[in-house]
Amino acid sequence: HGTLSEQIGLVYRSSVCVTWWLGRGVYTPITSDLEIALQSWLAMRPFVKTQGTSFKTLSIDMARKQSDWIAFRAALSSAAERCGQCGDSCRKRLDQLYEATSSKRCRITENWNRLAMFVEEKEQRRTEAMTRREERLNRRAMAVEDRRCRCLKQKEQRR
């Protein structure tokens, strides 16, 4: 229709769910410039969680969390600067939110560690049970072999 987004007051912002770090989602600053909004969205894209974390990949995720936080913090403050806001105040606010949720992250980490130990102990018990079963089968097989050998010796001695 020939109407520009600026003429109708259209604005853009992206949201990213970062509950692990901050306990909630965050938004990129509002801008009327689509190019800046797309750059901000692309900068946040690596931090968008597309699927749930399975237990098997959680240990890898836990190891990556700190480096990802540093990269996310830099990307969001850079997006703020592109929109004309102060990057330092953005980083300061993010750091405050990060510190405020540290107890939650500790609790989640403790729960994960507890679950990891449970799974590991369960696997150890399963392995021990399989080993005991294999030893029992081997003892039975050896007993059968011993009886067979004794029977053969006895038959040879009778001849």
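## Burial of the chain

A residue counts as buried under 20% relative accessible area, as exposed over 50%, and as partly exposed in between, using a 1.4 Å probe and protein chains only. Of the 159 residues in the protein chain, 23% are buried.

The structure is a predicted model, in which local features need pLDDT of at least 70, side-chain atom pairs count only at pLDDT 80 or more, and totals for chains, interfaces and linings use all residues. Residues are numbered from 1 along each chain as its sequence is written, and side-chain values use heavy atoms, with hydrogens and water left out.

## Helices and strands

The protein chain has six helices and two strands. Helices (H or I, at least four residues) and strands (E, at least two) are DSSP runs, numbered from the N terminus. Along the sequence, these elements follow the pattern α-β-α-β-α-α-α-α.

Three of the helices come up again below. Helix H4 covers residues 55-82, helix H5 covers residues 87-100, and helix H6 covers residues 102-158.

## An aromatic cluster

Rings of Phe, Tyr and Trp (for Trp, its six-membered ring) form a pair if their centres lie within 6.5 Å; planes under 30 degrees apart count as stacked, over 60 as edge-to-face, and the rest as tilted. The count by this rule is two aromatic pairs. In one of them, the rings of Trp69 and Phe72 have centres 6.0 Å apart and planes at 35°, so this pair is tilted. Both residues belong to helix H4, where they are three residues apart, about one turn of the helix. Trp69 has a relative accessibility of 4% and so counts as buried. Phe72, at 0%, is also buried.

Trp69 also pairs with Tyr98: the ring centres are 4.4 Å apart and the planes are at 15°, so the pair is stacked. This pair joins distant parts of the chain, since Trp69 is in helix H4 and Tyr98 is in helix H5, 29 residues apart. Trp69, Phe72 and Tyr98 make up one aromatic cluster.

## Salt bridges

How many salt bridges does the structure hold? There are five. A salt bridge is a side-chain nitrogen of Lys or Arg within 4 Å of a carboxyl oxygen of Asp or Glu. One of them is between Asp95 and Arg73, at 2.8 Å from N to O. This bridge links distant parts of the chain, with Asp95 in helix H5 and Arg73 in helix H4, 22 residues apart. Asp95 has a relative accessible area of 29% and is partly exposed. Arg73 is partly exposed at 24%. Another bridge pairs Glu81 with Arg91, whose closest N and O atoms are 3.9 Å apart. Here too distant parts of the chain are linked: Glu81 is in helix H4 and Arg91 in helix H5, 10 residues apart. Glu81, at 43% relative accessibility, is partly exposed. Together, Glu81, Asp88 and Arg91 are linked in a network of salt bridges.

Arg148 and Glu145 have their closest N and O atoms 2.9 Å apart. Because these two residues are three residues apart in helix H6, about one helical turn separates them. Arg148 is partly exposed at 46%, and Glu145 is partly exposed at 36%.

## Surface patches

Patches are made of residues with over 30% relative accessible area and no salt bridge; like charges are joined within 9 Å, and nonpolar side chains (Val, Leu, Ile, Met, Phe, Trp, Tyr) within 5 Å. Lys and Arg count as positive and Asp and Glu as negative, while His and the chain ends are not counted. The place of a charge is taken as NZ of Lys, CZ of Arg, CG of Asp or CD of Glu. Arg132, Arg133, Arg136, Arg139 and Arg140 form a patch of positive charge on the surface. Arg132 is in helix H6 and is partly exposed, with 47% relative accessibility.

Which residues form a nonpolar patch on the surface? They are Leu115, Phe118 and Val119, with about 250 Å² of accessible area together. Accessible areas come from the Shrake-Rupley method with a 1.4 Å probe, and for residues only the protein chains shown count as cover. Val119 is in helix H6 and is partly exposed at 35% relative accessibility.

## A contact across the sequence

Arg82 is in helix H4. Its relative accessible area is 27%, so Arg82 is partly exposed. Arg82 and Pro29 are 53 residues apart along the chain, and their C-alpha atoms are separated by 9.1 Å.
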